[in-house]
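This briefing sets out selected features of the structure shown below. The points are grouped by topic.

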Amino acid sequence: MPATYLSTVPAAVRERATRIRLLALDVDGTLTDGRLRLASDGTEIKAFNALDGQGLKLLHESGIEVALITARNSAIVAQRAAELGIKHVYQGCHEKLASLRALCQILSLEAEQVAYMGDDLPDLSALGWVGLAVAPSNAHPWIAQRVHWITSKAGGAGAARELCDLIVDAQGKSAQLLRKYADA
């Protein structure tokens, strides 16, 4: 039985989620709220949501690969990816679809086995190629009009966790994960 907040997800979107073996995400505006905070010394500060991080860990535990594909370069992104055990990190990437296709070739995956979450124009080509295209609720309208599903949560506020939960639930893995954590 799907979690109550997932019960409104259209059947066609749930069906797409059953095939996912890789979740690729943009960072700014998806895993963060999209604001760029710079200190006077040039240090960049980003805030990540712990719920999103737990969702990405649950995907990994469920055998689903995770990748971050971002146009910016940030030591903070590398640090967060390392904390979460994400080994596919593409920074300074202005050709997101090319990087995504190259990763899929390495992992022997087809487009329909890939979900991508993005919020703005640099994500458009990747969103158009994958089997499950998702945007956070605060995505730019041009993007929101071109995805399969829009989360109820905003980027940096649990949107990625919503997508992770959908994938895990659609693949029938949520009960097993709940038992594992309840027994821990």
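In this predicted model, A160 is in contact with L25, L31, D52 and M117, leaving aside its neighbours within four places in sequence. A160 is found in helix 7 and, at 0% relative accessibility, counts as buried.

- A160 and G53 are 107 residues apart along the chain, yet their C-alpha atoms are separated by 8.4 Å.
- A160 is counted as buried because its relative accessibility is 0%, the cut-off for a buried residue being under 20% relative accessible area.
- M117, one of the contacts of A160, is a residue of strand 6 and is itself buried.
- L25, another of the contacts of A160, belongs to strand 1, which covers residues 22-25.
- D52, also among the contacts of A160, falls in helix 2, which covers residues 50-61.

- Six strands form an open sheet with parallel pairing, and their order is 5-4-1-6-7-8.
- The edges are strand 5 (88-90) and strand 8 (149-150), each of which pairs on one side only.
- Strand 4 (residues 65-69) pairs with strand 5 in the parallel sense over three bridges.
- Across this pairing, A67 stands opposite H88 in strand 5, and I69 stands opposite Y90 in strand 5.
- Strand 4 is mostly covered, with four of its five residues buried.
- On its other pairing, strand 4 is joined to strand 1 in the parallel sense over four bridges, and L22 stands opposite E65 in strand 4.

**Strand 6 and its two partners**

- Strand 6 pairs with strand 1 (residues 22-25) in the parallel sense over four bridges.
- Strand 6 also pairs with strand 7 (residues 132-135), in the parallel sense over three bridges.
- Y116 takes part in both pairings: Y116 is the bridge partner of A24, and A133 in strand 7 is the bridge partner of Y116.
- In a regular strand the side chains alternate between the two faces of the sheet.
- In strand 6, V114 and Y116 point one way, while A115 and M117 point the other way.
- V114, A115, Y116 and M117 are all buried.

**Helix 1 with helix 7**

- Two packed helices are described by the angle between their axes and the distance between the axes.
- The axes of helix 1 (residues 11-18) and helix 7 come within 8 Å and cross at roughly 80 degrees.
- Helix 1 and helix 7 are therefore roughly perpendicular to each other.
- On the helix 1 side, V13, R14, A17 and T18 meet L166, I167, D169 and A170 of helix 7.
- By class, this contact has five nonpolar, one polar and two charged residues.

**Helix 2 with helix 3**

- The axes of helix 2 (residues 50-61) and helix 3 (residues 75-84) come within 10 Å, and their crossing angle is roughly 50 degrees.
- That angle makes helix 2 oblique to helix 3.
- A50, G53, L56 and K57 in helix 2 meet R80, E83 and L84 in helix 3.
- Three nonpolar, one polar and three charged residues make up the contact of helix 2 with helix 3.

- Q171 is placed in the loop between helix 7 (159-170) and helix 8 (174-183).
- Q171 is buried, with a relative accessible area of 16%.
- A polar atom of the Q171 side chain lies 2.8 Å from the backbone oxygen of I20.
- Leaving aside neighbours within four places in sequence, Q171 is in contact with A17, T18, R19, I20, R21 and I64.
- A17 and T18, among these contacts of Q171, are also residues of helix 1 that meet helix 7.

- L121 is placed in the loop between strand 6 (114-117) and helix 5 (124-129).
- L121 is partly exposed, with a relative accessible area of 41%.
- Leaving aside neighbours within four places in sequence, L121 is in contact with W142 and I143.
- L121 and I143 are 22 residues apart along the chain, and their C-alpha atoms are separated by 6.9 Å.

Methods
Residues are numbered from 1 along each chain as its sequence is written. This is a predicted model: local features need pLDDT of at least 70, side-chain atom pairs count only at pLDDT 80 or more; totals for chains, interfaces and linings use all residues. Side-chain values use heavy atoms; hydrogens and water are left out. Helices (H or I, at least four residues) and strands (E, at least two) are DSSP runs, numbered from the N terminus. Buried means under 20% relative accessible area, exposed over 50%, partly exposed in between (1.4 Å probe, protein chains only). Contact means heavy atoms within 4.5 Å. A polar contact is a pair of N or O atoms within 3.5 Å; within protein, one must be able to donate a hydrogen and the other to accept it, and residues adjacent in sequence count only if both atoms are side-chain atoms. Axes are lines fitted to C-alpha atoms, for helices over the stretch in contact, and angles run from 0 to 180 degrees between N-to-C directions. Angles under 35 degrees count as roughly parallel, over 145 as roughly antiparallel, 65 to 115 as roughly perpendicular and the rest as oblique. Ala, Val, Leu, Ile, Met, Phe, Trp, Tyr, Cys and Pro count as nonpolar, Asp, Glu, Lys and Arg as charged, and the others, Gly among them, as polar. Two strands pair if DSSP finds at least two bridges between them.
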